[in-house]
There are 2 protein chains.
Amino acid sequence: MNDVPWLSDDEQRMWRQWMGLNAELLATLNRETQADAGLSNADYQVLVVLTDSAEGRIRVSELAAALQWERSRVSHHVARMEKRDLVSRRGCPDDGRGAFVRITETGRAAIERAAPGHVRTVRRLVFDALSADEVAQLGEIFHRLRSRVGRSTG
Amino acid sequence: MNDVPWLSDDEQRMWRQWMGLNAELLATLNRETQADAGLSNADYQVLVVLTDSAEGRIRVSELAAALQWERSRVSHHVARMEKRDLVSRRGCPDDGRGAFVRITETGRAAIERAAPGHVRTVRRLVFDALSADEVAQLGEIFHRLRSRVGRSTG
DNA sequence: CTCATGTAGGTGACGTGTCACCTATATGAC
DNA sequence: GTCATATAGGTGACACGTCACCTACATGAG
């Protein structure tokens, strides 16, 4: 447990910039979709998966897998979204334990209202400041790091 | 609001890898300090700032500035940490409105228990997989992006 | 001194995320 | 069929973060 090589100044600076950027980026995007359509980041992600799914519906487990969320998180969040009429839940005829989540008209309207601003902001804050080479390189690096994190835990 | 240029496939892949990596990295680090010393990421960050401060104490506003947190967040979090005896609060003699947050012996013990594992994990998951060039480049990119985000909101 | 205004910090309500745990159904061995 | 076990999903408690709002003290103008 002892004698851990500490981070160098460069590493520490980079790490702090990274974590700070994450927090600011997420907060900015959250405020944006919240203001545009009353959607949180989590709401937005759920609705994106649903609009990409056949017939706007998906099994809870598949939703969890698509978002890389715990199932209990999906349960809680879908319950909250259901109260706001953004999605609806229905049992699955093929599997008595299963459940489908379906996007409602309200949900569809909300994401259509939120998406343009969201995309524009991501473009403005991130991609407008990066060259194509940098985008490719970052994609490769994030993929590389992600496989390490995944291997280490779950 | 219409005619927003959508993200290319490369951009979208990179963006998803990025956001996914962030979430997994934070969750992993959180579980680690939680298991090692019963500390959340937020606890850890607060204690790092406190140990770096003269006499292990700092004004609430300075703590907020150092962490880039809202002051109300600091208030809430310090209150929770105070209950667990990780920090203590004292009034500021020079400014009747002010308050100091001080690290306790318990808090110092906790971060000393958490730090080695935390640093080792950051090194293993991130820096061991990056060349020095990549670290420098990422530092520059994150800095560049962060200044855009900061300019756009606050 | 007195009053207007700004600043430090705290509070309550509420949405979010995790953990531990629960119920109900499915499924394969026998 | 019956039982053990696995799986789908949900629930409650609690920590975290944000927003709107509040109180108390500081400070400069007059």
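Before I start: I call a residue buried under 20% relative accessible area, exposed over 50%, and partly exposed in between (1.4 Å probe, protein chains only). By that rule Glu134(A) is buried, at 14% relative accessibility.

**Ground rules**

I am working on a predicted model, where local features need pLDDT of at least 70 and side-chain atom pairs count only at pLDDT 80 or more, while totals for chains, interfaces and linings use all residues. Residues are numbered from 1 along each chain as its sequence is written, chains are lettered from A and ligands numbered from 1 in the order in which they are written, and side-chain values use heavy atoms, with hydrogens and water left out.

**Entry: the record**

I checked UniProt for chain A. The unreviewed entry puts "domain: HTH marR-type" at residues 11-147 of chain A; its positions are given in the numbering used here, feature names are shortened, and annotations may be inferred rather than shown by experiment. I then looked at what the model does over residues 11-147 of chain A: 71% is helix and 9% strand, with the end C-alpha atoms 20 Å apart. For me helices (H or I, at least four residues) and strands (E, at least two) are DSSP runs, numbered from the N terminus.

**Entry: the interface**

For chain B and chain A I get about 5700 Å², 67% of it on carbon and sulfur atoms. Met14(B), Phe142(B) and Arg146(B) supply 11% of the area that chain B buries against chain A, more than any other three residues.

With contact set at heavy atoms within 4.5 Å, 53 residues of chain B and 54 residues of chain A take part.

I counted 20 residue pairs in polar contact between chain B and chain A, both residues at pLDDT 80 or more. My rule for a polar contact is a pair of N or O atoms within 3.5 Å; within protein, one must be able to donate a hydrogen and the other to accept it, and residues adjacent in sequence count only if both atoms are side-chain atoms.

Which elements of chain B give two or more residues to the side that touches chain A? I find helix 1 (9-37), helix 5 (105-125) and helix 6 (132-152) of chain B. Helix 1 of chain B gives the most, with 16 residues. By type, that side of chain B divides into 28 nonpolar, 13 polar and 12 charged residues. Here Ala, Val, Leu, Ile, Met, Phe, Trp, Tyr, Cys and Pro count as nonpolar, Asp, Glu, Lys and Arg as charged, and the others, Gly among them, as polar.

**Entry: salt bridges**

I took a salt bridge as a side-chain nitrogen of Lys or Arg within 4 Å of a carboxyl oxygen of Asp or Glu.

I zoomed in on Glu134(A) with Arg144(B), where the closest N and O atoms are 2.9 Å apart. This pair crosses between chains, from helix 6 (residues 132-152) of chain A to helix 6 of chain B. Arg144(B) is partly exposed at 22% relative accessible area.

I looked up Arg144(A) with Glu134(B) as well, and their closest N and O atoms are 2.9 Å apart. Arg144(A) sits in helix 6 of chain A and Glu134(B) in helix 6 of chain B, so the pair joins two chains. Arg144(A) is partly exposed at 23%, whereas Glu134(B) is buried at 14%.

Within chain B, Glu140(B) also bridges to Arg144(B), with 2.6 Å between the closest N and O atoms. The two are 4 residues apart in helix 6 of chain B, so about one helical turn separates them. Glu140(B) is partly exposed at 40%. Shared partners join Glu134(A), Glu140(B) and Arg144(B) into one network.

**Entry: two single residues**

Is Glu24(B) buried or exposed? Glu24(B), in helix 1 of chain B, is buried at 18% relative accessibility. Its side chain makes a polar contact of 3.0 Å with that of Arg146(A). Not counting residues up to four places away in sequence, Glu24(B) touches Gln68(A), Arg146(A), Val149(A) and Gly150(A).

Ala65(B) belongs to helix 3 (residues 60-67) of chain B and is exposed at 53%. I noted 17 Å between the C-alpha atoms of Ala65(B) and Val149(B), which are 84 residues apart along the chain.

Conventions:
Buried area = accessible area lost by both parts, 1.4 Å probe.
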